[in-house]
Amino acid sequence: MADKTEVVLDRTQVKKAVQALQAFLKTKSTSASLFLDEAQQMSLLFTLWKVPRQAQTIRIPLPHGQRPDTDEVCLFTRDEPNMTSEQTQRFYKRLLEEKGIKNISEIIPYKVLKTEYKPYEAKRRLLGNFDMFLSDDRVRRLLPSHLGKHFYQRKKEPLSVNLQSKHLARDIQRLIQGTNLKVTNKGCCCMARVGHSGMTADEVTENIQAAVQTVVAKLRMKGPVMKLIHLKSQTSVALPIYTSDLSLLTAVKGADKQAQTPKEKGGAAKKKAKQKQTENDTKQTDTAAEGKGVEKKVKKKKAAEEEEEEEEEEIPQLVPIETPSKKPKLEKPLKKKQLEKAPKPAAAKKGTKAQSKLTKKAGKADSKVKRKVPKVK
């Protein structure tokens, strides 16, 4: 932690950078922005020595409010029992007025969010109408499924507030006028909003100093953390505020080695244990294979001995008795004359048969006529 506190900003250098950025923003301001009195954001760009292992969100309280009065804030509340949505809106408006909170422009109960802001277009309209969103901590876990991914891509996800706390005004004021820094494990750069072009140079410098101190204190990293810090707006070049010494590079490498050495030792021990296990396994497999080979040899010897004994013993063979069987008839060869004779046509055969039948019938009729004897009266 001692290495983290080495980040010391030069106030005069920071103030010069702020003044230069404000002059640039005045020259680049358009007529529309002047007419609407829109203030441009001023942010800090942090560059870390290493990529963090874990993602982290740091809440940074600022001594001077970094949001202009024109920003609109929306509050999501839970549905009070035995109350309609309009009654819950009135209830929480009274609560905020009693606590002296005037920054919140609209209150939306959870039931209204589910019903009226269910379509995609309604969600996009809600996202564009407000600059910041707060939510009751009792319904915070239910909001992502109803809001959609665009709130999180635009970094406008609602911040949770305990509406039952005794210091509600202080908590809401810190959230609205403070800022957040999202540290991801996908890169070494992160950005936090610190002020706007409508603030004075001294107020912006004080916010920058407070933000750097809180970020360095709350980052979950060991060794030197901060490499570079720049001040920029959405349309300007990044102006350097802090640059770390190259001597810290050796400290960073040493911290990396210290973090890696126990892992390497543990990895070497694991490798040795694995090698021993593999050697033992190979030995066991070799002994098992040798035992199997010996068993196979013994079995082969026994089988050969049994075969030899069977060959030595004379086994009586049973011979079947032959029974007399009839001689098979030999087929007579066809005569040459039959082969030479050609088959008669079927029509001729039929004619001969019909003639023979007619002659037979005529003979029978003649015989019957001859046998008739005249009867004597």
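Reader: Is I107 buried or exposed, and at what relative accessibility?

Author: Buried means under 20% relative accessible area, exposed over 50%, and partly exposed in between, with a 1.4 Å probe and protein chains only. I107 has 4% relative accessibility, so I107 counts as buried. This is a predicted model, in which local features need pLDDT of at least 70, side-chain atom pairs count only at pLDDT 80 or more, and totals for chains, interfaces and linings use all residues. Residues are numbered from 1 along each chain as its sequence is written, and side-chain values use heavy atoms, with hydrogens and water left out.

Reader: Where is the place of I107, and which residues does I107 touch?

Author: Helices (H or I, at least four residues) and strands (E, at least two) are DSSP runs, numbered from the N terminus. I107 is in strand β4, residues 104-109. Contact means heavy atoms within 4.5 Å. Not counting residues up to four places away in sequence, I107 touches L75, T77, Q89, Y92, K93 and L96. The C-alpha atoms of I107 and L134 are separated by 9.5 Å, and these two residues are 27 apart along the chain.

Reader: In which sense do β3 and β4 pair?

Author: Strands of a sheet pair through backbone hydrogen bonds, either parallel or antiparallel. Two strands pair if DSSP finds at least two bridges between them. Strand β3 (residues 73-77) and β4 pair in the parallel sense, over five bridges. The bridge partner of V73 in β4 is I104. From β3 the chain crosses through helix α3 (residues 85-99) to β4, a β-α-β crossover that is right-handed. That term applies if, with the strands pointing away from the viewer, the path from the first strand over the helix to the second runs clockwise.

Reader: What is the order of the four strands that form an open sheet?

Author: The order is β8-β1-β9-β10, and the pairing is antiparallel. β8 (189-196) and β10 (239-243) stand at the edges, each with a single partner strand, so one side of each is left without a neighbour in the sheet. Neighbouring strands of this sheet are turned by 20 degrees against each other on average, direction ignored. Between strand β1 (residues 41-48) and β8, which run antiparallel, there are seven bridges. Q41 stands opposite H196 in β8.

Reader: Which strands does helix α1 lie across, and which does helix α9 touch?

Author: Axes are lines fitted to C-alpha atoms, for helices over the stretch in contact, and angles run from 0 to 180 degrees between N-to-C directions. Helix α1 (residues 11-28) lies across β1, β9 (226-232) and β10, and runs at about 165 degrees to β10. Helix α9 (residues 201-218) packs on the sheet and touches β1, β8, β9 and β10; its direction makes about 30 degrees with that of β1. Q22 lies in helix α1. Q22 counts as buried, at 14% relative accessibility. Among the residues that Q22 touches are M42, S197 and V204.

Reader: How many disulfides does the structure hold?

Author: A disulfide is a covalent bond between the sulfur atoms of two cysteines. Here the term is a pair of cysteine sulfur atoms within 2.5 Å. The structure holds zero disulfides. For C188, the closest cysteine sulfur is in C189, 4.3 Å away, too far for a bond. C188 is partly exposed, with a relative accessible area of 29%. C190 is in no disulfide; the nearest cysteine sulfur, that of C189, is 7.4 Å away. C190 counts as buried, at 7% relative accessibility.
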